[in-house]
Amino acid sequence: MTDRASVEQWVADYERVWRTPGTDAVPEIFTEDATYLVSPWAEPFVGTERIEHLWDDEREGPDESFTMSSEVVAVDGDTAVVRVAVEYPEQRWRDLWVLRFAADGRCEHFEEWPFAPDQPSGH
């Protein structure tokens with residue numbers, strides 16, 4: 001069973017791995033067959049190798065300048081929802097992450113709901 005403390009630790013590990021040069025540490029936080037959706041409408045990237053390629057394409061590198069804060073919103077069984085704020089020098093994001101964890105604490109399903117300040121609200 002997943003609890004708030006383990007989700008908070010996983011999010012801290014996610015940020016640490018994102019900031020680490022290369023992608024060798026991705027399997028520390030994702031299962032081998034993990035699914036990773038960059039939005040609820042996106043096709044999933046499946047497996048750590050595809051996640052590693054995605055991260056290589058999305059990151060500027062380990063020296064990328066940003067701050068990240070998070071709040072665990074809910075935990076139910078092996079699933080958690082986390083509110084994340086990421087501040088880059090030129091861009092801000094507010095995300096919801098829907099995470100499902102394997103018994104070993106690694107994430108087996110990652111679904112991101114990203115929102116930017118200038119994004120249309122749908123109203």
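**Helices, strands and a surface patch**

The buried residues of helix α3 (residues 48–58) are Thr48, Ile51, Glu52, Leu54 and Trp55. The model is predicted.

Me: Around the axis of α3, how wide an arc do the buried residues cover?
Reply: The buried residues in question are Thr48, Ile51, Glu52, Leu54 and Trp55. They lie on the same side of α3, because the arc they cover around the axis is only 160 degrees.

Me: Which exposed residues does α3 carry on the face turned away from its buried side?
Reply: Exposed here means over 50% relative accessible area. On the face of α3 turned away from the buried side, the exposed residues are Glu49 and Asp57.

Me: What span is expected for helix α1 at 1.5 Å a residue?
Reply: Helix α1 covers residues 4–19, which is 16 residues. From first C-alpha to last, α1 reaches 23 Å, and this is close to the expected 22 Å.

Me: Within what arc do the buried residues of α1 fall, seen down its axis?
Reply: Val7, Trp10, Val11, Tyr14, Glu15, Val17 and Trp18 are the buried residues of α1. They line one face of the helix, because seen down the axis they fall within an arc of 165 degrees. In general, an α-helix has 3.6 residues a turn, so residues three or four places apart point the same way. The arc for α1 is 165 degrees.

Me: Which strand runs parallel to β1?
Reply: Strand β1 (residues 30–37) is mostly covered, with six of its eight residues buried. Two bridges join β1 to β2 (residues 45–46), and that pair runs antiparallel. Four bridges join β1 to a strand at residues 107–115, and this pair runs parallel; the strand is β6.

Me: Which residue of β2 stands opposite Thr35, and which residue of β6 stands opposite Leu37?
Reply: Thr35 has Val46 of β2 opposite. In β6, the residue opposite Leu37 is Glu111.

Me: Is Val84 buried or exposed?
Reply: Val84 is found in strand β4 (residues 79–87). A residue is buried when its relative accessible area is under 20%. The value for Val84 is 1%, so Val84 counts as buried.

Me: How far apart in space are Val84 and Leu96, C-alpha to C-alpha?
Reply: Leu96 is found in strand β5 (residues 92–101). In sequence, Val84 and Leu96 are 12 residues apart. In space, their C-alpha atoms are apart by 6.1 Å.

Me: About how much accessible area does the nonpolar patch with Leu96 have?
Reply: Leu96 is partly exposed, at 31% relative accessible area. Patches take residues with over 30%, so the 31% of Leu96 passes that cut-off. Together with Val73, Trp113 and Phe115, Leu96 forms a nonpolar surface patch with an accessible area of about 320 Å².

Terms used. Residues are numbered from 1 along each chain as its sequence is written. This is a predicted model: local features need pLDDT of at least 70, side-chain atom pairs count only at pLDDT 80 or more; totals for chains, interfaces and linings use all residues. Side-chain values use heavy atoms; hydrogens and water are left out. Patches are made of residues with over 30% relative accessible area and no salt bridge: like charges are joined within 9 Å, nonpolar side chains (Val, Leu, Ile, Met, Phe, Trp, Tyr) within 5 Å. Accessible areas come from the Shrake-Rupley method with a 1.4 Å probe; for residues, only the protein chains shown count as cover. A salt bridge is a side-chain nitrogen of Lys or Arg within 4 Å of a carboxyl oxygen of Asp or Glu. Buried means under 20% relative accessible area, exposed over 50%, partly exposed in between (1.4 Å probe, protein chains only). The expected span of a helix is 1.5 Å times one less than its number of residues. The arc is that of the directions from the helix axis to the C-beta atoms. Two strands pair if DSSP finds at least two bridges between them.
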